[in-house]
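Trainee: Could you show me how to read a metal site?
Mentor: Gladly; let us look together.

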Amino acid sequence: LTHAGDLLIVKARQVVTCEPDLSDGSDPEAAELGLIQEGSILVSDRKIRWVGAASDLPAEASGTGRVLDAAGMVVLPGLVDAHTHAVFMGTREREYEMRIRGMTYMEIAQQGGGIISTVSQVRQASLGDLVETSLPRLAGMLRRGTTTVEIKSGYGLDLENELKMLEAIRRLDQQSPVDLVPTFLGAHEFPPEYKDKPGRYVDLVVNGMIPAVAEARLAEFCDVFCERGVFTVEQARLILLRGKEFGLKPKIHADEFADSGAAGVAAEVGAVSAGHLAFASRQGLLAMKQAGTVAVLLPGVSLGLGRCEFADARRMLDLGLQVAVATDFNPGSSMVDSLLIAGSLACSFMKMTPAEVILAITRHAAKALDRQNRIGSLAVGKIADLVLFDVPDFRYIPYHLGGDMVATVIKNGEVVFTRSQGYGPESRIN
Ligand SMILES: [Zn+2]
């Protein structure tokens, strides 16, 4: 069963498989998590070869490989951040203060701030600058347990700079242990030079950018910011269907500030996921459920914008939608790079249970990236992306907002992060 180079993770306090079938029945309130108390995991050739109760581990498994003692640890699948804008230049802490002083997102945007200030800095940056500036952000995300990150373009807003952003994502994917999923978001906003001729910009996206992005094989998904004052539902439909024609799977930013019917468009075009949804209608949500579109909720935005409005996660869960939670990491509205913090917000303010949140940042997030067959749970045959948390119970993870709980991160079967010795076990601070 074992080979040199195998990794055996033994006797974890809890293994959270996110596979309901693997549950040992010990925690009926969290049956969906597939919890195994005192569990072990065998990793071989970058994949999970065996997972189960430590007492059931086949004798042959404790052979020649390395052994990682996980006593006292809670093991989760590597976290999946299904919605970010993590490649950008310049930060916007002054706008953060302006909002604290009472200005709204739209007011700041109307004064030339907001997303367009990031666009002009990205346009001025070289490809090398973009890569160099973004690489440490990925290292930070990895330390917080995130092993797969979707990153959108959308700060270039012309052909040359959208391609530059996507090329930066490709290089970052090669240079970082984190796996990156590239999304083309040319329809993020109208660039200043097209502000008075939006139809011509949509034309450029549809006939110029999408074919070029597809030909260069630089994106897997195509996304649109569909919102009152930005792209209409008609424009969103046109762009996403055109993307599909070129093999780009649809995603959408939908109904963040008002119900514009974008959730319905998500369902209509067969979007893999739809983000935000704070104002999505019941009808739109039901259509998404029918279409199998994953709802990606982004509570970090409410934190960043200082709002008390959150998407109605309970309604979506009660309607039977699959719900993911992501950071929306971006310099304007959500300077949040930790899925753990996003998860804590989802628990406290969206009333998702800790178990629902853990599924939302693992299995359902993988589904939102169409990677459910490879990542997002600890099942035999899946890629060995794992996070060891130094906590007494999985519920402690969202409970300790911002806690330094990640002890070890394993990516593709290799240990890529170990917490330094300076900080003792979480249990010691109690
Ligand atoms: Zn976004």
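Mentor: Donors are N, O and S atoms within 2.8 Å of the metal (3.2 Å for Na, K and Ca), and water is not among the atoms, so sites may look incomplete. Four donors count as tetrahedral if all angles lie between 85 and 135 degrees; four count as square planar and six as octahedral if opposite donors are over 155 degrees apart and all others between 65 and 115; anything else is irregular. This is a predicted model: local features need pLDDT of at least 70, side-chain atom pairs count only at pLDDT 80 or more, and totals for chains, interfaces and linings use all residues. Residues are numbered from 1 along each chain as its sequence is written, and side-chain values use heavy atoms, leaving out hydrogens and water.

Trainee: Which residues are the protein donors of the zinc ion?
Mentor: They are H83 (NE2), H85 (NE2), H253 (NE2) and D328 (OD), at 2.1 to 2.6 Å from the zinc ion.

Trainee: Why is the arrangement irregular?
Mentor: Because the 4 donor atoms subtend angles of 82 to 168° around the zinc ion.

Trainee: What spacing do the donors follow along the chain?
Mentor: The pattern is H-x1-H-x167-H-x74-D.

Trainee: Are H83 and H253 buried or exposed?
Mentor: Buried means under 20% relative accessible area, exposed over 50%, partly exposed in between (1.4 Å probe, protein chains only). Both H83 and H253 are buried, and buried residues make up 59% of the 430 in the protein chain.

Trainee: What does the C-alpha trace span along its principal axes?
Mentor: About 70 × 45 × 40 Å for the protein chain.
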